[in-house]
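Please open the model in your viewer and keep a selection panel at hand.

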Amino acid sequence: MLNPEKFLSKTKRKLGLPFLVFIGVGGTVGPGIFVLLSPGAKIAGTALPWAFLFGGILSLGVALIYAEFGSAMPTSGASLNLLFKAFGRGYLPFVTSWLVVLGDISAVAISALAFGYYTSLLVPINSVVLALSMLIIIVLLNIRGITKTALVQGIVALVLLIGLAFLTGKLFSETSIGFNLSNTSGGLISILAATAVIYTAFIGYEDIVSVAGEVENPDRNVALALILTVVIVTTLFFLISWVAVNVVPPEVLGEAEAPLFLVAEKLGGLGKIIVFTTAILGALSTLITTLLVGSREVYAVSKHNFFKNFFAKLNKWQVPSRTVWFVGAIALVLILTDSVEFVAYLANSVYLISLLLVITALFKMRAKRPFLERPFKIPLFPWLLIGVGGLSLLVLLFVEVKALIITFIWALIGFVLYLTAQIKKERARLMMIGMLVLLNLVLFSFLLSCYLTL
């Protein structure tokens with residue numbers, strides 16, 4: 001997810017290394033870890049921690065890639081900026097931006113579902129109803145204008161880190177959990193398959209690149225902050241998943257909607273309070289952020305005249321309300337699947353495909369602008385890029401086919417929308433409305449059929 005402040009303020013701030021790491025860790029540790037333990041445990045069993053470790057290794061390689069263009073082109077939205085600089089104002093950067101929007105919408109759906117799952121343990125209401133209700137509330141708040149400051153984001157991140165670290169440490173001290181590798185079952189295939197569903201839990205450290213234009217000494221701090229963030233998050237996720245699969249049988253964990261709650265029950269009331277507090281706060285924080293950012297990304301693309309300014313119109317509160325409704329509507333369809341596993345696969349397919357395009361863009365920029373000053377250069381070039389790209393393709397092979405189909409349909413619609421930018425305004429507007437209606441009908445019909453066959 002991206003830091004929404006870049007859309008809400010024109011002022012520049014000097015961000016030092018500690019605060020930059022805080023942004024990265026705070027953007028990464030969200031509701032994903034609270035719900036993705038379940039599908040991960042179902043696939044990998046007690047080998048789940050190694051899937052998180054593998055995801056962390058892949059994320060470290062990606063972080064080094066981001067570090068090069070983040071320090072060489074320290075501007076807000078540096079990853080998309082790289083694509084536009086490498087490929088020009090063509091269909092490829094646009095379709096990639098369109099895919100990134102789907103990734104944000106998937107994050108909105110995961111956050112809402114996480115809120116619903118954990119809140120339903122406190123109130124006797126269906127979890128999907130709770131998720132949809134909270135989504136509608138946040139959409140209505142966004143329509144009237146809502147800001148989320150870095151201070152609030154920082155406080156929530158601090159609560160999450162302290163809560164999860166305390167929970168993990170307490171379970172290690174009060175149970176006989178150790179690092180006995182003989183208790184680990186499952187091979188490489190199960191680890192890769194689990195990585196394909198849990199990898200979205202790592203998405204968020206790219207916030208650091210998104211605010212690169214506000215970083216003090218970016219040639220050093222961007223790369224260092226990315227590396228430190230990935231190391232901290234990977235360590236935390238590995239320990240949490242290790243505790244989870246050793247405290248609760250994986251087959252039980254795999255069937256739970258709120259898996260971390262089962263783990264917390266081992267500590268009694270204190271554990272439950274910690275999990276409820278961190279899960280609900282994290283879900284709400286991420287829901288607000290991703291809905292805000294997803295809608296503003298559609299707005300930003302529209303301002304480039306790709307949508308003939310259909311989404312660029314502001315309401316009386318100076319909010320691009322059409323983009324908020326659009327993001328909320330697609331997220332609503334994803335929530336109706338009531339499947340965190342499917343939505344996570346969808347998010348991962350988007351992120352991994354976008355990563356492959358970023359790698360291609362970086363190769364192209366190396367050839368196109370060989371004399372560009374690069375304060376941080378990717379080590380072992382080009383082998384690291386090839387390795388990260390290969391691992392991304394390998395993980396993509398284990399993504400659910402239904403998610404890949406939806407991703408393909410979404411990209412195809414994005415390509416058609418790009419073509420409408422070449423048509424006269426009146427026809428393009430009608431075509432846009434028709435495409436949006438068709439998109440919602442196709443997604444709703446497909447996801448409903450998938451849900452009914454579960």
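Select V401 and F408 on α19, which are exposed, that is, over 50% relative accessible area, where buried means under 20% and partly exposed lies in between, with a 1.4 Å probe and protein chains only. They lie on the other side of α19 from the buried residues A403, I406, T407, W410, A411, I413, G414, L417, Y418 and T420. Seen down the axis of α19, these buried residues fall within an arc of 165 degrees, taken from the directions between the helix axis and the C-beta atoms, so they line one face of the helix. An α-helix has 3.6 residues a turn, so residues three or four places apart point the same way.

Now show α19 whole, residues 401-420: its 20 residues reach 29 Å from first C-alpha to last, close to the 28 Å expected at 1.5 Å a residue, the expected span being 1.5 Å times one less than the number of residues. Helices here are DSSP runs of H or I with at least four residues, strands are runs of E with at least two, and both are numbered from the N terminus.

This is a predicted model, in which local features need pLDDT of at least 70 and side-chain atom pairs count only at pLDDT 80 or more, while totals for chains, interfaces and linings use all residues. Residues are numbered from 1 along each chain as its sequence is written, and side-chain values use heavy atoms, with hydrogens and water left out.

Next, select S38, K42, A256, E257 and D338, which lie nearest the centre of the second largest pocket, among its 13 lining residues. A pocket is an open set of points on a 1 Å grid over the protein atoms alone, with protein on both sides within 12 Å along at least five of seven lines, and lining residues have an atom within 4 Å of a point. About 290 Å³ of space lies in this second largest pocket, and α4 (37-44) gives the largest share of its lining, three residues.

Then move to G32, A107, T200, I203 and T286, nearest the centre of the largest cavity, a cavity being a set of points where a 1.4 Å probe fits but cannot get out. About 190 Å³ of space lies there, and α7 (91-119) gives the most to the lining, with three residues.

Finally, zoom out to the whole chain, where the secondary structure comes to 20 helices and zero strands, and where buried residues make up 58% of the 454 residues.

Terms used. Grid points are joined across faces, edges and corners, and a volume is the space filled by probe spheres set on the points.
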